[in-house]
Amino acid sequence: MTEAVISATSVMCAAGFGAPQVWSSVRSRVSRIRNSSVMDQNFEPIPMGLVPEKALDADDANLDALNWPSRARRMLRLAAPTLRELASAIGDTPAALYLGLPELTTEDAPWIDEFCEQLCARAGLKFDEAASQIFPLGRAAALVALESALQAMSADSSRPILVGGVDTFLDLRLLATLGAEGRVHGPRVMDGFIPGEGAAFLWVEGGGEPASGATVIHGAASTTDPGHRYGTEPARGEGLAEALQLLHGRLASPGPIASTFTGLNGENFDAKLWGVARLRHNDLFSPDMALEHPASCFGDTGAATGAILTALAAAALAAGHRQGPALIWAASDLGARGCTLVDTPAKR
């Protein structure tokens, strides 16, 4: 698997627009979580990390014509301005889009097959439809997409590739389902997560010598854990450890991991995954490793998690606020586990 350079990033979530702004909030531990207008089953407001309405793309007649459900419409409105930031930089060269989406099927959500086309049309991005892919895999989706993108770049590094993810939990049916399962954090639920939303994209390029200050992706790996939250197999928490082992085997000269940007969202289930992986691969980590869990500042961003974490790691390394190499990982409800390792060129 080839290495790649992150040439540019674009991020939108409750903590701001752009990786430097979001990282500033995360680094300062500033919470952007507020009580929403949505009530839980006890008629109490649900705390959420929501993007202000004025920051979203227009809710116009073109969206009405699609006849999409509210969650899909909001995801498109989140992703379009975020992708537009990179579309102008890429120019007229058709780009491949590797997009992470929520854990949905085309049977339940037929709109996911059209999402890339509609998104690129609104963002003004010329994209190579044949080379693009969707990854409806939830929180780990963008990291699984990144792994596929690196494999594609091994064969052809000439085409621009955008890797990203988008999601929102602002959906009444979804929130009611999660609330009935006791998963939404609130006064009566401690082992739960704060619903959020967001979108993020990475422009990754291969070949050539990385510029000073650039962020290099040294590898990515993913696995599927049969012992996931809704699985029938015992939940041993081994999936993330296996993904980390696979990543380690793909690195030419791995150094001690100095920083980790985690997909921890406040639920014990994912904390168990991280605990197993950290203990099993203790030799890979620096004793004074910095641990970041950005969801505590802006909520769980679902399928956007992997891309947002990677963009934040790149911003932190570029600013010198965190040391590399930096590990990024995320885990999905239905078994996908993904991780990647990034650093600055001078560190390797």
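Tutor: Let us begin with the term contact, which means heavy atoms within 4.5 Å. In this predicted model, Ala-72, Met-75, Leu-76, Ala-79, Ala-80, Leu-83, Arg-84 and Ala-87 of helix H3 meet Phe-115, Gln-118, Leu-119, Cys-120, Arg-122 and Ala-123 of helix H4. Sorted by class, the contact of H3 with H4 comprises 11 nonpolar residues, one polar residue and two charged residues.

Student: How are H3 and H4 placed, and at what angle do they pack?

Tutor: In general, two packed helices are described by the angle between their axes and by the distance between those axes. Here H3, residues 70-90, packs against H4, residues 112-123, at an angle of about 50°, and the axes are 8 Å apart. That angle makes H3 oblique to H4, and the crossing in which H3 passes H4 is right-handed.

Student: Which residues is Glu-292 in contact with, leaving aside its neighbours within four places in sequence?

Tutor: With those neighbours left aside, Glu-292 is in contact with Trp-23, Val-26, Arg-29, Thr-260, Phe-261, Thr-262 and Arg-322. With Arg-322 there is a polar contact between the two side chains, at 2.7 Å. As for C-alpha positions, Glu-292 and Ile-328 are 36 residues apart along the chain, and their C-alpha atoms are separated by 9.6 Å.

Terms used:
Residues numbered from 1 in each chain as written. Predicted model: local features only at pLDDT ≥ 70, side-chain atom pairs only at ≥ 80, totals over all residues. Heavy atoms only, no water. Axes fitted to C-alpha atoms, helices over the stretch in contact; angles between N-to-C directions. Helix = DSSP H or I, 4+ residues; strand = E, 2+ residues; numbered from the N terminus. Parallel < 35°, antiparallel > 145°, perpendicular 65-115°, else oblique. Left-handed = near helix turned anticlockwise from the far one by under 90°. Nonpolar A, V, L, I, M, F, W, Y, C, P; charged D, E, K, R; others polar. Polar contact = N/O pair within 3.5 Å; in protein donor to acceptor, adjacent residues only side chain to side chain.
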